[in-house]
Every structure is written in structure tokens, then in C-alpha cells.
Amino acid sequence: MADPGHADVRRNELATPWGRWAASDCSVTTEGVGKIMGTGSDSQSASQFPQAEPSLGLDSITTLIKAQLSVNLQTGELSGDRIQSTVRTIGDLEGIFRDEEARQALDPSTLVYRVQAFLPVEEGEEGGLFWGTTFLEPGRVGDEYFMTKGHYHAKRARGEYYLTLQGSGGLILMDEERRTTCEAMRPRTLHYIPAHTAHRVANTGESLLVFLACWPSDAGHDYAAVARQGFSARLRKVGGIPTLVEER
Ligand code: PAN
Ligand code: ZN
């Protein structure tokens, strides 16, 4: 099994009409969570650094600051205080997919995704950070993969991180000049969503796609801009392959 303590940023592996997203490789480790860095006789005094339960080390992360959050790093499930849950079904996603007839032919109660968001401060408050998990079902509307609605942040100058836990998909990114690119998502890929960038995720696999997210508490969500014009490209199954297809 993959080492759950290590997350990589990997390059886009999906073909896009505009080439590849240029960001440098880097990695994030969760190995030190709940541990003293450099454990051993030469490490700093244990009294300076509260140690978490050893059993929490690689399976979950718990924070007690402001409100309590536990993240199950296998399933992505959040538990604790101040967690908000949202569910989106096929019936909720009118106007999102290219083939509206195909959407209407599906049972409107079909689950497409659910989101759990940990909101330790008020939405809109400056300086805080939110944490969330999205559980995106496999499926298609016509040849287009099940996906999230997609949004810009209401405050455009706000970025975000996504970290994939399970499944495979594509993170579709569009800048304000409407240039759209796509990054492949698979377990342990870490994605930096720059400010001023609309983002949505499509599940290109046969199983649940689960990803974690962290974003500023004053970012907000602007769905209207995406609803008006959509993205300039869609992730569709073409010849059996997930392909980013430019809209005409
Ligand atoms: C995510 C998204 C989540 C659902 O937490 O909100 O994946 O996507 P939509 O919000 O587009 O329906 C995020 O990007 N927060 O900022
Ligand atoms: Zn966002």
C-alpha cells in the first residue's frame, strides 16, 4: 500500500489544447504530525511540543484550535464541531452539464457529490482557513463525467489547495482570460489552485473520488460567473479516454 504520510505534487498527465500547467514539483509530508521533529535524544524538549496520541499519527489529524476537527486520512470523513454538509444531486445541477437532455433522463435524486466543510470561523471573516472534503461519485451525463458545479472565489485574489485521497479525476482550472487547463488527480496528488482561477473537479474513474481542500475563510464562492458562461472546455470521454474538449 502507498505510504499515507507523503503527498506529492505531480505534473498534469491529461492532454489539453493549451499545453501543460507550469508549476514546480514539491511535496508535503504529514509524517511529523503529532510528533516532535527530529525525534531522538538530540530533539527539543518534549515539554515544548505537545504530543498527540501515537495512534492518531498516520490515520487521522486532530486539531483543537478554536473548534475540534478530526480528519480520517483513509476515507476523508471529517468529524468534530462546526462541520457543514452539502449534498448535490443530478436534480440540483441544471445547466451545469453540456447535455441537458441526458441530465433530465437521469433520476434527479442520483447523488453526484457531497461536501463536508469545517468552518472554525464565520464565513467571510478575514484571516481564517477552512478545510473540507469532497466525495464525488463516478458517473456520466452523456459523455461528460460527473463533476462539481465549479466556481471562482468571490474574492478573486484567493487561492486554495486540493489533496486527492482516493480515486481518479481531473481538476479543471480556468483563468480570467478563459484559458482552461486540467491536472490529473489520483491518490496523494496535491494541487495548488492559484488566485483568480475558476476550479471544478470531474471524476474520470469507476470509483468514488475523494479530495481534501483548504481555502481562506474570506474567499467566498462565486457560482454565478460560471453559471453564466461555463468553462471554456469540458472533460469528456472520447474514444474511452478522458479528454479536455474546447467548447465552441
Ligand atoms: C471546494 C468545493 C467543493 C464542491 O470545497 O466547494 O469541491 O465544489 P463546488 O463548490 O464548485 O460545488 C472548494 O473549492 N472550496 O472553495
Ligand atoms: Zn474553491
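**View 1. Ser 85 sits in strand β6.** This is a predicted model, so to speak of local features a pLDDT of at least 70 is needed, side-chain atom pairs count only at pLDDT 80 or more, and totals for chains, interfaces and linings use all residues. Residues are numbered from 1 along each chain as its sequence is written, while chains are lettered from A and ligands numbered from 1 in the order in which they are written. Strands here are DSSP runs of E with at least two residues, helices are runs of H or I with at least four, and both are numbered from the N terminus. Setting aside neighbours within four places in sequence, Ser 85 has contacts with Arg 114 and Gln 116; a contact is a pair of C-beta atoms, placed from the backbone, within 7 Å. Phe 118 is 33 residues away along the chain, and its C-alpha atom is 9.0 Å from that of Ser 85.

**View 2. Strand β6 pairs with β7, and β7 with β8.** Two strands count as paired if DSSP finds at least two bridges between them. β6 and β7 (residues 111–118) run antiparallel and are joined by seven bridges. Look for Val 87 facing Arg 114 of β7. On to the next pair: six bridges link β7 and β8, again in the antiparallel sense, and Ala 117 has Gly 132 in β8 as its bridge partner.

View 3. At the β14 end, β11 (residues 160–166) pairs with β14 over four bridges, antiparallel, and Leu 163 stands opposite Leu 190.

**View 4. Ligand 1 has 14 residues around it.** The closest are Gly 132, Thr 134, Thr 148, Lys 149 and Ala 213. A residue is near the molecule if its C-beta atom, placed from the backbone, lies within 6 Å of it. Three strands, β8 (129–136), β15 (197–203) and β16 (209–216), each bring at least two residues to this shell. Sorted by class, the shell has four nonpolar, seven polar and three charged residues. Nonpolar means Ala, Val, Leu, Ile, Met, Phe, Trp, Tyr, Cys and Pro; charged means Asp, Glu, Lys and Arg; the others, Gly among them, are polar.

**View 5. Arg 178 and Arg 188 both show a positive phi.** Arg 178 has a phi of about 65° although it isn't a glycine. Its place is the loop between β12 (169–175) and β13 (180–185), and with 13 other C-beta atoms within 10 Å, Arg 178 is partly exposed. Arg 188, also not a glycine, has a phi near 80°. This residue lies in the loop between β13 and β14. Arg 188 counts as buried because it has 20 C-beta neighbours inside 10 Å.

Definitions and conventions. A residue is buried if 20 or more other C-beta atoms lie within 10 Å of its own, exposed if 12 or fewer, and partly exposed in between; C-beta atoms are placed from the backbone. Two residues are in contact if their C-beta atoms, placed from the backbone, lie within 7 Å.
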